[in-house]
Amino acid sequence: MNVELIDLTRRFGRTHAVAGVSLQAGPGVFGLLGPNGAGKTSLLRMMATVLPPTSGRLRLLERDPGSLGPRRVIRRRLGYLPQNLGYYPGFTVTEFVEYFALLKDMPPGRVPRAVAAAIEQVGLADRAKAKLRTLSGGMLRRAGIAQAIVNDPELLLLDEPTAGLDPEQRVAFRAVLRGLGEWATVVVSTHLVEDVGAACTDVALMDAGKLVFHGTPAELIARGEGSRAAGDAPLERGYSAVLAAARSAAGTRSATETRA
Amino acid sequence: MTAATEAPARPAPARASRLAPSLSFLRLLRIELRHNAMPWLLPLIAALFWFDSYRPSTGMPPLYVLRTFWNMGQGHTIIDFGPFVAGVAAWMGSRDGRRRTADLVTGTAWPRWTVQLATWAATAIWAVAAYLVFTGAMFAAYAGQGVQGQPPWWWVAVGAAAIAAFSAAGFAVGVLWPSRFAAPLAAFGGFLAMVMSSQTGFHESTGWALILPTTSNGNFQPDSGLLYPWLPDLPIARIMLLAGIAVAALGLVGLRAHGDGPRLRRLAAAVTAAGIAAAGTAVGLAGTARLSADGTVIPALHDAASDRPFGYTPVCGQAAGTPVCVHPAYRRWLPDVTAALGPVFSEVAGLSGAPVRAAQVGAVYDDVDGEGGQAMTIGGRPPVLSLPLGALQLAGAFGGTAAVFADQLRLLAVHAFVGAGTGVGTPAQQAVQAALLEGAGVPFAAQLLVLTTTGLPSWAQASGNGGPGPAKGPVYDAARRLAALPAAARHAWLAAHLAALRSGRLTLAQLP
């Protein structure tokens, strides 16, 4: 298993951003859905080894990221696109991707070809020499994706990767995801359920720091069938139904605890 | 985007060679150098350097020790660079915080500390290279102007170390406080540090304060690089301090690098501690410094070979028939020296102990006399007058004029002749000194003014009663009586009483 989380928690003061998540994922595209504040970004940051868990066990690429050596090996084979992509405005697209390729410990001789391939893959080849400050929001997102995939990661973590992409780019990006998912574990955190339907082999839904659903997109669709959950598409209805059920169960539990 | 089918098949992981990390670091450094903010400020620093460091120095006589006293000795080259370098380094250090790239960088295989060190290194390389280029250009200009002596290379090294320390400290400010205000804060802090360092250097001329890089106390000796080498003791201690500050600051950066794990944090803590220890040791070493004839000596760092004076072939002239020889670098002042000493030699010609030759000696910084003031001496058989020209206010140096230089030469020569040594002298010696000076062309009315000029030993101030005024009192009354005698009678009286005068046994009442 490339990703193995057991009872993983992360607290920020009194807030439980992630509250006891257990999950396993192998190669394929794994969609992580949930409303704002559900804990998706915190979970992804822990998987990206930039945020240590408060408790629980985390194994990535069959290694423990808590130790220096294994963490370095994981990071070499990791691609990460944060939700708020920071960038250096004066860098060109090529320099930006090359910079992160070098930081990912790629052999220097392989870097130029890998950089060109990654830029080509995200469709920015014609803007490779452009400074990042001159790019549109969608292009910046693609440059961010290019730096994430430049090292051919075995574990690719993408936080809202399609935000800012136009429909044509999103369709193309989903195809890229499917291709990467053939041999890598790609975890995609998103609000856009259509991305999940089109690209993911597996999906999990988070709410209030907890995992409230884990299954295939078809299973999520099935949860919405016959319910009066809101949504224009079957996947959206499934999403809403699971969330409503989870919140209702949580409310019942809370009321029971209060009465007790 | 390209369709998934065009995505490359998963390549076999390549094994990096042993050289790969250094190559990768160099490539990273190349990118950082290309995108560093330092070059943008270099024109401004160049202008400041020109106006503050170079231009004022050109008014000084063409000796390295004088030309570079302001810009290297008092550290103005450091002052011109330091605050800007600290500001730019803070700007670069705060980059990941301002640009929100911290997560991206932390999630890569390289320790974040290493990545930050690459960013700092690019800033430091630009700053130190610019410092060396600007200073090199200044020295090249000096060489073109025929400036004499050995350039103060040790002080260039201190300057370069100071720039590196400013960059490291500024960078640490940026990392620890990643905001857009970090840069102005660091620049202001750098400026404040320079002001405080300069002020402390003016007030504290010994002990730990010698470590401050903007104080010239003790090591910018009057004849450093001319008659003896620049002593490296104090520069080494200062480099140690500045390197310690740089290392400690960079260690602090590592302590702040989240995501690097406890082992690297411990290493960063050890680096910080080592830097602090080095800086503390340097301050301690400066506390053991003592002034020697040719500069500041720190016993633990001193190499006796550095004390060996330079050999040279003097250039000579004649003053009233007496040969006067100086170091070739002082050739331009030789006519002033012979013209000034001629009347004195004429006054004492034929008397016992009158010098048959005058020769330049290295000026010695005396912490009792301060300000480089040094008496002349007459010694040897036949007697030779030693001329510590470097200790005097040379014409053209620090506002000195040819007239003041000539008066000082006459005063010191006569003072040595009457046997007053390094003290004020007895009243009789003071009176004979005043009478001889009158005869050598320094009127009584001007003598108190001469005694207060900069560059003379402390006894001059003391015998001048603290300031210029009318030459009166028993000493000047006796001096006037002696000066009023015909030259032959005065000469005869001196010949008869010189031994008693020099031994201090003669009283004012015994003067004619």
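**A walk through chain B**

Let's start with helix α16 of chain B, residues 444-451, where Q447(B), L448(B), V450(B) and L451(B) are buried. Here "buried" means that 20 or more other C-beta atoms, placed from the backbone, lie within 10 Å of the residue's own. Helices are DSSP runs (H or I, at least four residues), numbered from the N terminus. Look down the axis of α16(B) and its buried residues fall within an arc of 160 degrees, so they line one face of the helix; the arc is that of the directions from the helix axis to the C-beta atoms.

A quick note on what you're looking at: this is a predicted model, in which local features need pLDDT of at least 70, side-chain atom pairs count only at pLDDT 80 or more, and totals for chains, interfaces and linings use all residues. Residues are numbered from 1 along each chain as its sequence is written, and chains are lettered from A in the order in which they are written.

Now zoom out to the domains. Chain B splits into domain 1 (26-307) and domain 2 (315-510), with bounds from an automatic or database domain assignment. Their C-alpha centres lie 44 Å apart. Where they meet, domain 1 of chain B gives 17 residues and domain 2 of chain B gives 13; being in contact means C-beta atoms, placed from the backbone, within 7 Å.

Finally, meet the neighbour: 33 residues of chain B are in contact with 44 residues of chain A. On chain B's side, α1 (20-34), α7 (102-106) and α12 (261-287) each supply at least two residues. The largest share, six residues, comes from α1(B).

Conventions
A residue is buried if 20 or more other C-beta atoms lie within 10 Å of its own, exposed if 12 or fewer, and partly exposed in between; C-beta atoms are placed from the backbone. Two residues are in contact if their C-beta atoms, placed from the backbone, lie within 7 Å.
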